[in-house]
Amino acid sequence: MSLVEATPRPAAQVLSVRPVILPAPARGGDLQVRITAPAADTDLPVIVFAHGFGQSMTAGDPLVDYWAANGFVVVQPTFLDSTTLGLTPADPRYPTIWQTRIDDLVQVIDELDTVIAAVPGLTGRVDTHRLAVAGHSWGGQSVGMLLGARVIGADGQPGEDRTDARVKAGVLLSTTGISRGDLTPFAQGHFAFMSPDFTRLATPSIVVAGDQDQSPLSTRGPDWFTDVYHHSPGARHLVTLHGGEHTLGGIQNYNSTDTTDESPERVDLVRRTTTAFLHTALGINETAWSDLAATSVEPIGHIDSK
């Protein structure tokens, strides 16, 4: 039986509320958040999802809807780089947006009770101790810091450790790799933080990459997006999408004009593998991952584990 032929579970009703406003005077503007949750059930685990460059809390619906329908509460902050906020490189906050993104994620986790209370009837139905983070592209770099990744500074040494022990699992989608002098001049000039060290990323994680994802930020090939799997102790599984580019078949939005590799089958594989991993990693269903791994995911992709 192939993964895409498996019978889907009936869609559950979900609720979504936005914006939820968290005061954040130090960042120069309040933090806006969206929360999506199942309309029923209790002991719901939480995913804090970080969008990619320029996007917002409305990104990732093909994943968010699926995760919520399968029992997760999904919380999505809008970061300062979002085009909805209109910041330009002339803004004094711009050079440190990569750090503010991490601060935003920590604030969301700190204030989960407030966020949850913004959805009618959700309070008392959420298990905030079953907490995962997920991110796509720059969002993967952002959440990776909470999983144990660090940024190598100008002195060649790993910088501040932002590991958050409250986070029990991670999902890293199209996450940029390590720098070996192969960043393009544009990346070197604009994204100094894009030099990660993964040696202490020990939180259990799953990595998803496309084997046709050729980044304009690196002179390396698509294998750049698999570095976090190969160089971190916490990355347990690598899902490689055959023919997949940076948007992994279209995970960022339904019918997006930015999708260059549109494929419902690839999106379905991302949904199913990440959900199965999180169900097992968070102790919801101990056999979810092994059950999935026992099925064939060809020709859409393949799975490596360590």
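Strands β3 (residues 44-50) and β4 (residues 73-77) of this predicted model pair in the parallel sense, over three bridges. Pairing requires at least two DSSP bridges between two strands. Strands (E, at least two residues) and helices (H or I, at least four) are DSSP runs, numbered from the N terminus. Valine 46 stands opposite valine 73 in β4. Residues are numbered from 1 along each chain as its sequence is written. Local features need pLDDT of at least 70, side-chain atom pairs count only at pLDDT 80 or more, totals for chains, interfaces and linings use all residues, and side-chain values use heavy atoms, without hydrogens and water.

The β3-β4 pair belongs to an open sheet of nine strands with mixed pairing. The strand order is β1-β2-β4-β3-β5-β7-β9-β10-β11. The edges are β1 (14-22) and β11 (301-305); each has a single partner strand, so one side of each lacks a neighbour in the sheet. The twist averages 20° from one strand to the next. Axes are lines fitted to C-alpha atoms, for helices over the stretch in contact, and angles run from 0 to 180 degrees between N-to-C directions.

Helix α2 (residues 97-110) packs against helix α4 (residues 138-147) at about 60°, with the axes 9 Å apart. That makes α2 oblique to α4, since angles under 35 degrees count as roughly parallel, over 145 as roughly antiparallel, 65 to 115 as roughly perpendicular and the rest as oblique. Contact means heavy atoms within 4.5 Å. Among the α2 residues that meet α4 are Trp98, Ile102 and Leu105; the α4 side includes Trp138, Val143 and Leu146.
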